[in-house]
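Thanks for making time this morning.

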Amino acid sequence: MINIPRWKVILVIIICAFGLVYSLPNVIGSNARDFIAQNLPGFVPQKTVNLGLDLQGGSHLLLQVDLESVLVERSEGLVSTLRPELRSNKIGYRRLSDTQADGDFGVRITLRDEADFEATRQIIRDIDNTLLIDNDAGQVSAIFSQEAIDEIESQTIDQSIEIIRRRIDETGTREPVIQRQGDDRILVQLPGLDDPQRIKDLLGTTAKLTFHLVEEGVSASTSTMILPMAENPTQTISIMRRAELSGDMLVNAQVGQDQGGQPAVTFRFDAIGAKRFAKFSTENVGRLFAIVLDNEVISAPVIREPIIGGAGQISGSFSIKEASDLALLLRAGALPAPLSILEERSVGPSLGADSVEAGKIASAIGLIGVLIFMASSYGRFGLYANVALVVNMALIFAILSSLQATLTLPGIAGIVLTIGMAVDANVLIFERIKEEIDNGRSPMSAVDAGFSRAMSTIIDANLTTLIAATILYSFGTGPIKGFSVTLAIGIATSFFSAIMVTRLLVVHWLKTNKPSSLKI
Amino acid sequence: MLLRFVPKNTNIDFIGKRYMAFVLSAIILIGSVALLFTKGLNFGIDFTGGTLIEIQVLQEQPDLGSLRNDLNALELGTISIQEFGAPNNLLIRLPQQGEDSFAQQEAIETTKETLDGIFEEGIEYRRIEFVGPQVGEELQKKGMYAVLFSILGMLVYIWFRFEWQFSAAAIIALVHDSLATIGLFALTQMEFNLSTVAAILMIAGYSINDTVVVFDRIRENLRKYKKMPVTELLNKSVNNTLSRTIMTSITTLLALAALWAFGGEVIRGFVNALIFGIVIGTYSSIFVAAPILTFLNIRHKKQDAESSDNPEEVKA
């Protein structure tokens with residue numbers, strides 16, 4: 001233990017230098033960092049620690065995609081495709097409805113005559129040949145296969161992520177993180193966001209826009225439905241179930257003004273939409289059509305003349321903010337399924353800044369306290385341990401910066417805790433050296449025995465803490481993960497610094513000064 | 001002159017006082033379990049679901065009484081309001097609004113509108129945390145698994161490195177410390193949340209760490225002093241490592257004290273748990289883990305190292 005090969009010495013020095021250089025960008029001000037970024041070559045380290053949302057402020061939203069609603073919608077769609085097909089093929093049925101029993105989605109048909117089953121099957125096959133078809137004495141069911149459901153679900157999630165990204169990008173939020181989590185969840189992280197309310201409102205709206213003909217004075221049936229008016233939900237209006245056009249045919253939507261000078265949303269259809277809109281408006285001059293957003297009728301204007309240009313306007317006593325949000329939602333497109341917020345953690349920028357400040361002060365004071373304590377307890381050896389502790393801190397920040405790991409408030413706590421625990425290895429070694437000296441050993445041999453005998457204990461002690469950190473990492477979420485990361489890094493670096501760095505310094509001093517007794 | 005917290009060559013009869021320690025530990029443990037069943041834990045929204053809003057009132061001095069009335073008038077269930085760190089910093093908790101997360105979001109909005117109306121000089125929303133019932137349940141499960149698995153993980157490690165007697169004693173000490181910390185939370189009704197679970201895991205790690213150091217020495221002394229009676233040997237080992245045990249506790253507590261005083265209100269509960277855990281962990285490795293070994297026959301194995309003072313230690 002006393003003789004350290006030269007290559008080891010060099011390696012230790014290189015690692016220490018790495019730690020100092022790579023942790024430096026965190027210490028110098030942002031001006032100096034900008035200077036380095038602009039004037040020095042790219043290999044000069046300039047990355048700083050990545051602050052978590054709880055430190056820089058921002059929002060963490062866990063959203064759930066209502067996948068079932070998509071499957072129900074698909075089943076209903078299947079029913080409406082099937083109905084005219086069965087009719088035109090003169091297949092009599094008593095009942096035709098969508099089904100969603102026991103996680104099976106699809107349609108159920110009660111045939112009048114079981115002999116029609118083959119023909120029915122052919123019709124269903126032509127519509128979608130992945131459906132699982134079953135016949136039980138004229139009770140025909142056609143349900144989506146598990147593969148089809150998986151496909152629909154994963155499409156829905158992907159599409160939702162895309163729409164969420166577009167909506168958030170439209171608001172100008174910087175560097176959002178949007179990722180799938182588990183089967184039906186989407187994690188959205190919005191760093192630096194002041195007020196998550198607007199984003200929450202935007203994400204809480206499906207924004208499914210459809211245009212329907214109004215069918216006044218009828219009750220709900222298979223072809224019509226009754227919807228409330230957005231302005232006054234007690235007032236209802238009956239419209240055709242079938243949508244003439246939908247929001248996915250829009251190419252642009254902007255805030256504008258209606259004839260009365262009120263904020264409105266102007267939009268433009270794409271080529272197909274424009275053609276359809278022209279045909280629809282030409283055929284129905286004089287009738288009312290309803291503009292429906294998420295099952296609420298925003299307005300139901302009269303078609304005064306054919307609308308050929310493919311441009312239109314939605315007015316409905318909006319505020320400017322409502323109009324611009326609606327325009328944004330229409331531009332970004334509708335969500336394939338409603339989203340609900342399962343978890344939210346938003347931290348305002350001031351609390352984040354306060355926490356960073358508090359963390360800095362706490363770490364500095366904790367560090368100084370431990371440094372003083374070690375120096376006064378172990379003298380020269382304590383100073384060596386202190387050098388190792390400072391190297392350890394530098395290494396932690398260097399690793400956090402170069403891995404771009406996220407530092408959270410509990411993460412800072414982990415670092416402060418590491419400050420206290422990192423010296424443990426040195427305490428073990430020094431106490432052992434003391435004992436060996438009391439047993440009458442020479443300084444050299446006491447130091448040698450101290451290092452080698454404490455070693456297995458140090459390994460045991462560090463590994464057990466590492467086990468706790470690893471398990472915390474795999475089960476923890478968000479900030480707690482940050483705690484386990486800094487703790488684990490701290491354990492690894494303290495192992496290096498407390499053993500290698502301290503030993504190098506102690507051995508160097510022993511060899512150059514050859515003391516006859518040790519004060520420790 | 002260097003500081004010395006523990007005098008040289010202590011020879012304190014820790015093992016002799018083991019029954020006193022066991023009585024004390026029994027009181028702590030029975031008390032903890034009793035508190036757990038009577039008072040229970042004050043679970044935070046991480047586990048119960050619900051909403052937490054931290055606000056800073058910018059100008060005026062908030063009147064908690066009238067604020068409580070105003071918010072309870074919203075009929076969102078029992079809303080708790082407490083001062084958080086400073087008189088103008090408030091922590092507001094809304095209970096879970098049924099199973100519906102839309103209702104919860106609406107409750108948050110109504111509360112914010114009401115608050116904006118009450119404090120005309122302006123307030124700042126420092127933090128909003130909302131945990132839905134589903135996530136709350138998952139976090140409960142995750143927290144429990146985390147504690148169980150880490151205890152299991154450490155058990156496996158200790159079992160590899162030591163004889164079963166040591167593993168048993170180490171695990172008893174670990175459960176002792178974790179349970180006592182949970183008991184503290186039941187007693188003080190401090191909020192028990194995700195970071196508390198993290199703190200308990202840390203405490204478990206520290207407890208094992210401390211115990212392992214003492215056990216390493218016991219194992220070494222077992223090889224060195226083959227004729228020494230077990231009680232004496234255990235005492236000697238605890239005394240040998242006493243200085244280190246105390247020193248490391250002091251440095252860790254120093255760092256934690258800085259965190260407690262300057263680290264801010266948000267993590268104070270976490271730091272409270274850690275400080276208590278370090279103290280109880282230190283106590284248990286001296287007074288619980290080592291003394292338990294007197295009941296477990298640790299001198300049954302064949303001795304391997306012949307020389308009593310061989311610098312080339314045989315590693316297990």
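Residues are numbered from 1 along each chain as its sequence is written, and chains are lettered from A and ligands numbered from 1 in the order in which they are written.

The model scores ipTM 0.87 and pTM 0.83. Where pLDDT is low, the predicted coordinates should not be read in detail.

Turning to the two chains, 60 residues of chain B are in contact with 61 residues of chain A, where contact means that the C-beta atoms of two residues, placed from the backbone, lie within 7 Å. On the chain B side, at least two residues each come from α4 (101-118), β5 (123-131), α5 (133-161), α7 (194-224), α8 (230-262) and α9 (268-292) of chain B; helices here are DSSP runs of H or I with at least four residues, and strands are runs of E with at least two, numbered from the N terminus. Which element supplies the largest share of that side? It is α8(B), with 14 residues. By class, the side of chain B that touches chain A has 34 nonpolar residues (Ala, Val, Leu, Ile, Met, Phe, Trp, Tyr, Cys and Pro), ten charged (Asp, Glu, Lys and Arg) and 16 polar, meaning the others, Gly among them.

Strands also pair across the chains, pairing being counted when DSSP finds at least two bridges between two strands: β18 of chain A, residues 339-347, and β5(B) run antiparallel over five bridges. Within that pairing, V347(A) stands opposite R127(B).

Staying with chain B for a moment, α7(B) has 31 residues and reaches 45 Å from its first C-alpha to its last, close to the 45 Å expected at 1.5 Å a residue, the expected span being 1.5 Å times one less than the number of residues. Because 26 of its 31 residues are buried, α7(B) is largely enclosed by the rest of the structure; buried means that 20 or more other C-beta atoms, placed from the backbone, lie within 10 Å of a residue's own.

In chain A, four strands form an open antiparallel sheet in the order β3-β4-β6-β5, with β3 (93-99) and β5 (132-136) of chain A as the edge strands, each pairing on one side only. Five bridges join β5(A) to β6(A), residues 139-143, in the antiparallel sense, and L132(A) has I143(A) as its bridge partner. These two strands form a hairpin with two residues between them, and A137(A) in the turn has a positive phi of about 50°. On the other pairing, β4(A) is joined to β6(A) by five bridges, with R108(A) opposite S141(A).

A second hairpin in chain A, that of β15(A) and β16(A), also has two residues between the strands, and there D294(A) takes a positive phi near 50°.

Terms used
Predicted model: local features only at pLDDT ≥ 70, side-chain atom pairs only at ≥ 80, totals over all residues. Buried ≥ 20, exposed ≤ 12 C-beta atoms within 10 Å, placed from the backbone.
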